[in-house]
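Dear colleague,

I am passing the structure below on to you, and my notes on it follow. Please read them with the model open beside you.

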Amino acid sequence: MNHSERLAAFAALGHRLAHLPADVLATQAARARNQNAWFDLPNVRAAVAGIARLLAEEPLRQWVARYPPEPQTVRQIGVVMAGNIPLVGFHDLLCVLLSGHVLLAKLSADDTALMTWIMEELLALEPRFADFIRVVPRLNAADAFIATGSDNTARYFEYYFGKRPHLIRRNRTSVALLTGHETSSELALLAPDIFQYYGLGCRNVSKLYVPEGYNFIPVLNALQIGEGVLNHHKYQNNYDYNKSILLVNAVHHYDTGFLLLTRNSALVSPISVLHYAEYASEVELVDQLTDVAAQTQCVVSAAGRFAGSVPFGRAQEPSVADFADGVDTMEFLAAEVG
(Lines give C-alpha, C1' and ligand atoms only; values in the text may rest on other atoms or scores of the structure.)
Protein backbone atom coordinates (compact mmCIF):
# COMPACT_ATOMS: atom_id res chain seq x y z
CA MET A 1 0.00 0.00 0.00
CA ASN A 2 1.15 3.51 -0.68
CA HIS A 3 0.59 6.61 1.41
CA SER A 4 -2.62 7.65 -0.36
CA GLU A 5 -4.16 4.21 0.06
CA ARG A 6 -3.36 4.12 3.75
CA LEU A 7 -4.83 7.58 4.22
CA ALA A 8 -7.98 6.64 2.31
CA ALA A 9 -8.47 3.57 4.51
CA PHE A 10 -8.34 5.60 7.71
CA ALA A 11 -10.66 8.26 6.29
CA ALA A 12 -13.10 5.46 5.42
CA LEU A 13 -12.79 4.13 8.96
CA GLY A 14 -13.63 7.59 10.30
CA HIS A 15 -16.75 7.70 8.14
CA ARG A 16 -17.71 4.21 9.29
CA LEU A 17 -17.35 5.15 12.97
CA ALA A 18 -19.21 8.43 12.53
CA HIS A 19 -22.19 6.51 11.15
CA LEU A 20 -21.93 3.37 13.27
CA PRO A 21 -25.33 1.72 13.83
CA ALA A 22 -26.51 2.02 17.42
CA ASP A 23 -26.83 -1.73 17.85
CA VAL A 24 -23.22 -2.30 16.75
CA LEU A 25 -21.96 0.30 19.19
CA ALA A 26 -24.06 -1.17 22.01
CA THR A 27 -22.73 -4.67 21.30
CA GLN A 28 -19.11 -3.53 21.35
CA ALA A 29 -19.67 -1.47 24.48
CA ALA A 30 -21.19 -4.48 26.23
CA ARG A 31 -18.16 -6.61 25.29
CA ALA A 32 -15.85 -3.88 26.54
CA ARG A 33 -17.69 -3.50 29.84
CA ASN A 34 -17.56 -7.25 30.43
CA GLN A 35 -13.80 -6.88 30.27
CA ASN A 36 -13.48 -3.54 32.05
CA ALA A 37 -16.34 -2.24 34.17
CA TRP A 38 -15.28 1.39 33.63
CA PHE A 39 -15.98 1.11 29.90
CA ASP A 40 -19.71 1.76 29.89
CA LEU A 41 -21.78 2.73 26.86
CA PRO A 42 -21.55 6.54 27.26
CA ASN A 43 -17.77 6.42 27.54
CA VAL A 44 -17.33 3.97 24.67
CA ARG A 45 -19.62 6.16 22.58
CA ALA A 46 -17.50 9.21 23.44
CA ALA A 47 -14.27 7.40 22.56
CA VAL A 48 -15.59 6.19 19.21
CA ALA A 49 -16.90 9.66 18.37
CA GLY A 50 -13.52 11.10 19.28
CA ILE A 51 -11.74 8.76 16.87
CA ALA A 52 -14.23 9.61 14.14
CA ARG A 53 -13.30 13.28 14.63
CA LEU A 54 -9.59 12.43 14.44
CA LEU A 55 -10.16 10.70 11.11
CA ALA A 56 -12.10 13.49 9.40
CA GLU A 57 -10.53 13.35 5.96
CA GLU A 58 -9.40 16.92 5.29
CA PRO A 59 -7.84 17.65 8.71
CA LEU A 60 -6.24 14.20 8.61
CA ARG A 61 -4.83 14.86 5.15
CA GLN A 62 -3.43 18.25 6.19
CA TRP A 63 -1.86 16.80 9.32
CA VAL A 64 -0.16 13.83 7.69
CA ALA A 65 1.18 16.04 4.89
CA ARG A 66 3.70 17.43 7.40
CA TYR A 67 5.60 14.14 7.44
CA PRO A 68 7.44 11.96 4.91
CA PRO A 69 4.89 9.94 2.90
CA GLU A 70 6.94 6.74 2.98
CA PRO A 71 9.59 5.38 5.37
CA GLN A 72 13.13 4.88 4.12
CA THR A 73 12.95 1.37 5.56
CA VAL A 74 9.85 -0.40 6.83
CA ARG A 75 10.39 -1.25 10.49
CA GLN A 76 8.49 -3.26 13.08
CA ILE A 77 7.28 -0.86 15.75
CA GLY A 78 6.38 -2.40 19.08
CA VAL A 79 3.62 -0.51 20.87
CA VAL A 80 2.72 -1.15 24.50
CA MET A 81 -0.81 0.22 24.66
CA ALA A 82 -2.44 1.68 27.74
CA GLY A 83 -5.96 0.74 28.80
CA ASN A 84 -7.08 3.46 31.20
CA ILE A 85 -9.79 4.77 28.86
CA PRO A 86 -11.50 3.18 25.83
CA LEU A 87 -9.36 2.93 22.67
CA VAL A 88 -6.60 5.10 24.13
CA GLY A 89 -4.03 3.17 22.06
CA PHE A 90 -5.64 4.08 18.74
CA HIS A 91 -3.56 7.18 18.05
CA ASP A 92 -0.34 5.15 18.20
CA LEU A 93 -1.88 2.58 15.84
CA LEU A 94 -2.78 5.41 13.47
CA CYS A 95 0.70 6.93 13.55
CA VAL A 96 2.55 3.66 12.99
CA LEU A 97 0.36 2.50 10.12
CA LEU A 98 0.06 5.88 8.39
CA SER A 99 3.84 6.22 8.49
CA GLY A 100 4.15 2.94 6.59
CA HIS A 101 5.60 0.75 9.33
CA VAL A 102 4.47 -2.59 10.75
CA LEU A 103 2.59 -2.44 14.04
CA LEU A 104 3.42 -4.99 16.72
CA ALA A 105 0.70 -4.28 19.27
CA LYS A 106 0.83 -5.47 22.85
CA LEU A 107 -2.71 -4.72 23.94
CA SER A 108 -3.68 -3.74 27.43
CA ALA A 109 -5.59 -6.45 29.28
CA ASP A 110 -8.13 -3.71 30.11
CA ASP A 111 -8.82 -2.75 26.49
CA THR A 112 -8.45 -5.85 24.35
CA ALA A 113 -12.05 -6.11 23.12
CA LEU A 114 -12.36 -2.61 21.69
CA MET A 115 -8.87 -2.46 20.19
CA THR A 116 -9.37 -5.84 18.51
CA TRP A 117 -12.73 -4.71 17.16
CA ILE A 118 -11.41 -1.46 15.68
CA MET A 119 -8.53 -3.32 14.02
CA GLU A 120 -11.09 -5.68 12.49
CA GLU A 121 -13.09 -2.70 11.24
CA LEU A 122 -9.98 -1.28 9.58
CA LEU A 123 -9.10 -4.64 8.00
CA ALA A 124 -12.62 -5.00 6.65
CA LEU A 125 -12.15 -1.70 4.84
CA GLU A 126 -8.57 -2.37 3.74
CA PRO A 127 -7.55 -6.07 3.94
CA ARG A 128 -3.98 -5.28 2.93
CA PHE A 129 -3.36 -3.90 6.40
CA ALA A 130 -3.22 -7.57 7.50
CA ASP A 131 0.46 -7.50 6.54
CA PHE A 132 1.04 -4.52 8.80
CA ILE A 133 -0.88 -5.35 11.99
CA ARG A 134 0.21 -8.03 14.44
CA VAL A 135 -1.10 -8.46 17.97
CA VAL A 136 1.69 -10.07 19.97
CA PRO A 137 2.24 -11.15 23.59
CA ARG A 138 5.88 -9.94 23.55
CA LEU A 139 7.77 -7.33 21.59
CA ASN A 140 11.11 -9.08 21.17
CA ALA A 141 11.05 -8.70 17.38
CA ALA A 142 10.47 -4.94 17.36
CA ASP A 143 12.99 -2.53 15.84
CA ALA A 144 11.69 0.41 17.90
CA PHE A 145 9.25 0.91 20.74
CA ILE A 146 6.43 3.18 21.84
CA ALA A 147 5.20 2.56 25.37
CA THR A 148 2.70 4.24 27.65
CA GLY A 149 2.44 3.51 31.34
CA SER A 150 2.87 4.79 34.87
CA ASP A 151 6.05 6.43 36.15
CA ASN A 152 7.04 3.07 37.65
CA THR A 153 6.51 1.07 34.47
CA ALA A 154 8.29 3.80 32.49
CA ARG A 155 11.48 3.02 34.40
CA TYR A 156 11.08 -0.62 33.45
CA PHE A 157 10.47 0.35 29.82
CA GLU A 158 13.61 2.51 29.81
CA TYR A 159 15.65 -0.46 30.98
CA TYR A 160 14.03 -3.02 28.72
CA PHE A 161 13.82 -0.93 25.54
CA GLY A 162 16.78 1.38 26.11
CA LYS A 163 19.09 -0.12 23.46
CA ARG A 164 16.71 0.56 20.57
CA PRO A 165 14.88 3.70 19.46
CA HIS A 166 12.06 4.31 21.91
CA LEU A 167 9.37 6.78 22.89
CA ILE A 168 8.22 6.24 26.46
CA ARG A 169 5.38 8.15 28.10
CA ARG A 170 4.73 8.61 31.81
CA ASN A 171 1.91 9.74 34.08
CA ARG A 172 0.22 12.94 32.98
CA THR A 173 -2.89 14.78 34.09
CA SER A 174 -4.72 18.02 33.30
CA VAL A 175 -5.54 21.17 35.25
CA ALA A 176 -8.08 23.99 35.14
CA LEU A 177 -7.45 27.67 35.78
CA LEU A 178 -10.16 29.75 37.47
CA THR A 179 -10.21 33.51 38.04
CA GLY A 180 -13.49 33.93 39.92
CA HIS A 181 -15.02 35.82 37.00
CA GLU A 182 -16.37 32.80 35.12
CA THR A 183 -20.10 32.59 34.44
CA SER A 184 -22.18 29.65 35.63
CA SER A 185 -22.49 28.40 32.05
CA GLU A 186 -18.72 28.53 31.60
CA LEU A 187 -18.18 26.64 34.85
CA ALA A 188 -20.68 23.97 33.79
CA LEU A 189 -18.48 23.23 30.79
CA LEU A 190 -15.85 21.95 33.21
CA ALA A 191 -17.99 18.92 34.03
CA PRO A 192 -16.92 16.73 31.08
CA ASP A 193 -13.29 17.78 31.58
CA ILE A 194 -13.50 16.36 35.09
CA PHE A 195 -15.99 13.48 34.85
CA GLN A 196 -15.64 12.06 31.31
CA TYR A 197 -14.18 8.54 31.57
CA TYR A 198 -14.72 8.88 35.35
CA GLY A 199 -11.52 10.89 35.64
CA LEU A 200 -9.28 8.07 34.45
CA GLY A 201 -7.67 9.81 31.46
CA CYS A 202 -4.58 12.00 31.23
CA ARG A 203 -6.78 14.76 29.76
CA ASN A 204 -9.10 14.70 32.79
CA VAL A 205 -8.82 17.71 35.06
CA SER A 206 -7.59 16.56 38.46
CA LYS A 207 -6.65 19.93 39.94
CA LEU A 208 -7.98 23.49 40.01
CA TYR A 209 -5.87 26.62 40.36
CA VAL A 210 -7.91 29.36 42.01
CA PRO A 211 -7.17 32.89 43.30
CA GLU A 212 -6.71 33.35 47.04
CA GLY A 213 -10.05 33.67 48.82
CA TYR A 214 -11.91 32.00 45.96
CA ASN A 215 -15.62 31.33 46.50
CA PHE A 216 -16.17 27.68 45.57
CA ILE A 217 -19.96 27.74 45.73
CA PRO A 218 -20.53 28.77 42.07
CA VAL A 219 -18.27 26.09 40.65
CA LEU A 220 -19.66 23.38 42.95
CA ASN A 221 -23.20 24.32 41.94
CA ALA A 222 -22.30 24.33 38.25
CA LEU A 223 -20.71 20.88 38.49
CA GLN A 224 -23.95 19.34 39.77
CA ILE A 225 -24.71 18.33 36.19
CA GLY A 226 -22.04 15.65 36.59
CA GLU A 227 -23.77 13.85 39.47
CA GLY A 228 -24.65 10.91 37.23
CA VAL A 229 -21.14 9.49 37.77
CA LEU A 230 -22.36 8.24 41.14
CA ASN A 231 -24.57 5.72 39.34
CA HIS A 232 -21.46 3.69 38.54
CA HIS A 233 -20.74 1.33 41.42
CA LYS A 234 -16.97 1.56 41.10
CA TYR A 235 -17.07 5.35 41.13
CA GLN A 236 -19.37 5.32 44.17
CA ASN A 237 -17.02 2.92 45.96
CA ASN A 238 -14.15 5.33 45.33
CA TYR A 239 -16.22 8.29 46.50
CA ASP A 240 -17.27 6.53 49.72
CA TYR A 241 -13.71 5.42 50.46
CA ASN A 242 -12.09 8.80 49.79
CA LYS A 243 -14.77 10.61 51.77
CA SER A 244 -14.12 8.37 54.75
CA ILE A 245 -10.36 9.05 54.54
CA LEU A 246 -10.91 12.81 54.52
CA LEU A 247 -13.34 12.59 57.45
CA VAL A 248 -11.17 10.29 59.57
CA ASN A 249 -8.15 12.52 59.04
CA ALA A 250 -10.20 15.69 59.62
CA VAL A 251 -9.08 17.16 56.30
CA HIS A 252 -11.02 20.23 55.27
CA HIS A 253 -12.96 19.59 52.07
CA TYR A 254 -16.06 20.43 50.08
CA ASP A 255 -18.53 17.65 49.29
CA THR A 256 -21.11 17.80 46.51
CA GLY A 257 -22.41 14.31 47.26
CA PHE A 258 -20.42 12.83 44.37
CA LEU A 259 -17.24 14.94 44.21
CA LEU A 260 -14.79 15.84 46.96
CA LEU A 261 -12.76 19.04 46.64
CA THR A 262 -9.76 19.58 48.89
CA ARG A 263 -6.62 21.67 49.01
CA ASN A 264 -3.65 19.50 48.16
CA SER A 265 -0.21 20.10 46.64
CA ALA A 266 -0.38 16.86 44.63
CA LEU A 267 -1.21 17.24 40.95
CA VAL A 268 -2.96 13.89 40.51
CA SER A 269 -6.07 13.28 42.59
CA PRO A 270 -7.86 9.99 43.33
CA ILE A 271 -11.08 9.11 41.50
CA SER A 272 -13.96 11.23 42.88
CA VAL A 273 -11.53 13.80 44.35
CA LEU A 274 -10.49 17.14 42.87
CA HIS A 275 -7.47 18.95 44.30
CA TYR A 276 -7.01 22.69 44.31
CA ALA A 277 -4.22 25.19 44.88
CA GLU A 278 -4.37 28.95 45.36
CA TYR A 279 -2.38 31.68 43.66
CA ALA A 280 -1.86 35.30 44.68
CA SER A 281 -1.00 36.71 41.26
CA GLU A 282 -0.72 35.67 37.65
CA VAL A 283 3.06 35.56 38.03
CA GLU A 284 2.69 33.08 40.88
CA LEU A 285 0.22 31.05 38.83
CA VAL A 286 2.67 30.83 35.94
CA ASP A 287 5.40 29.72 38.36
CA GLN A 288 3.16 26.99 39.76
CA LEU A 289 2.23 25.76 36.29
CA THR A 290 5.87 25.78 35.23
CA ASP A 291 6.75 23.56 38.20
CA VAL A 292 4.29 20.90 37.03
CA ALA A 293 4.63 21.33 33.27
CA ALA A 294 6.37 17.98 32.81
CA GLN A 295 3.40 16.20 34.40
CA THR A 296 0.67 18.24 32.72
CA GLN A 297 -1.09 17.03 29.59
CA CYS A 298 -3.63 19.81 29.13
CA VAL A 299 -4.50 23.18 30.69
CA VAL A 300 -8.08 24.48 30.42
CA SER A 301 -9.52 27.91 31.13
CA ALA A 302 -12.78 29.70 30.36
CA ALA A 303 -12.94 30.26 26.57
CA GLY A 304 -9.23 29.37 26.45
CA ARG A 305 -8.36 32.88 27.64
CA PHE A 306 -5.17 31.82 29.40
CA ALA A 307 -2.24 31.52 26.98
CA GLY A 308 -1.59 27.93 25.95
CA SER A 309 -4.88 26.62 27.35
CA VAL A 310 -7.94 25.13 25.69
CA PRO A 311 -11.53 26.17 26.50
CA PHE A 312 -13.52 24.52 29.26
CA GLY A 313 -15.31 21.48 27.86
CA ARG A 314 -12.65 20.74 25.23
CA ALA A 315 -10.08 18.78 27.23
CA GLN A 316 -11.49 15.49 25.94
CA GLU A 317 -11.58 16.64 22.32
CA PRO A 318 -7.94 16.54 21.17
CA SER A 319 -7.12 17.03 17.52
CA VAL A 320 -5.10 14.47 15.60
CA ALA A 321 -2.03 16.70 16.14
CA ASP A 322 -2.37 16.65 19.95
CA PHE A 323 0.22 14.08 20.97
CA ALA A 324 0.39 12.40 24.36
CA ASP A 325 3.13 14.01 26.49
CA GLY A 326 3.51 16.62 23.75
CA VAL A 327 6.00 14.39 21.92
CA ASP A 328 5.41 14.12 18.17
CA THR A 329 4.99 10.41 17.47
CA MET A 330 5.10 10.86 13.72
CA GLU A 331 8.33 12.83 13.97
CA PHE A 332 9.82 10.08 16.14
CA LEU A 333 8.87 7.49 13.54
CA ALA A 334 10.38 9.58 10.73
CA ALA A 335 13.56 10.76 12.46
CA GLU A 336 14.45 7.99 14.89
CA VAL A 337 13.12 4.98 13.01
CA GLY A 338 13.04 6.17 9.39
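Is phenylalanine 161 buried or exposed? Phenylalanine 161 counts as buried, because its relative accessibility is 4%, where buried means under 20% relative accessible area, exposed over 50% and partly exposed in between, with a 1.4 Å probe and protein chains only.

Before going further, please note that this is a predicted model, in which local features need pLDDT of at least 70 and side-chain atom pairs count only at pLDDT 80 or more, while totals for chains, interfaces and linings use all residues. Residues are numbered from 1 along each chain as its sequence is written, and side-chain values use heavy atoms, with hydrogens and water left out.

Aromatic pairs

The search of the whole structure gave 13 aromatic pairs; rings of Phe, Tyr and Trp (its six-membered ring) pair if their centres lie within 6.5 Å, and planes under 30 degrees apart count as stacked, over 60 as edge-to-face and the rest as tilted. One of them joins phenylalanine 10 and phenylalanine 90, edge-to-face, at 6.3 Å centre to centre and with 75° between the planes. This pair links distant parts of the chain, since phenylalanine 10 lies in helix H1 (residues 3-18) and phenylalanine 90 in helix H5 (residues 90-98), 80 residues apart; helices (H or I, at least four residues) and strands (E, at least two) are DSSP runs, numbered from the N terminus. Both phenylalanine 10 and phenylalanine 90 are buried.

Phenylalanine 145 and phenylalanine 161 form a stacked pair, because their ring centres are 4.0 Å apart and their planes are at 10°. Phenylalanine 145 belongs to strand S4 (residues 144-148) and phenylalanine 161 to helix H7 (residues 151-161), so that the pair links distant parts of the chain, 16 residues apart. Phenylalanine 145 is also buried, with a relative accessible area of 4%, and ring pairs join Phe145, Phe157, Tyr160 and Phe161 into a cluster.

An exposed tyrosine

Helix H7 also holds tyrosine 159, which counts as exposed because its relative accessibility is 70%.

A buried asparagine

Asparagine 242, in helix H11 (residues 233-248), counts as buried at 9% relative accessibility. Its side chain is joined to that of serine 272 by a polar contact of 3.3 Å, a term for a pair of N or O atoms within 3.5 Å, where within protein one must be able to donate a hydrogen and the other to accept it, and residues adjacent in sequence count only if both atoms are side-chain atoms.
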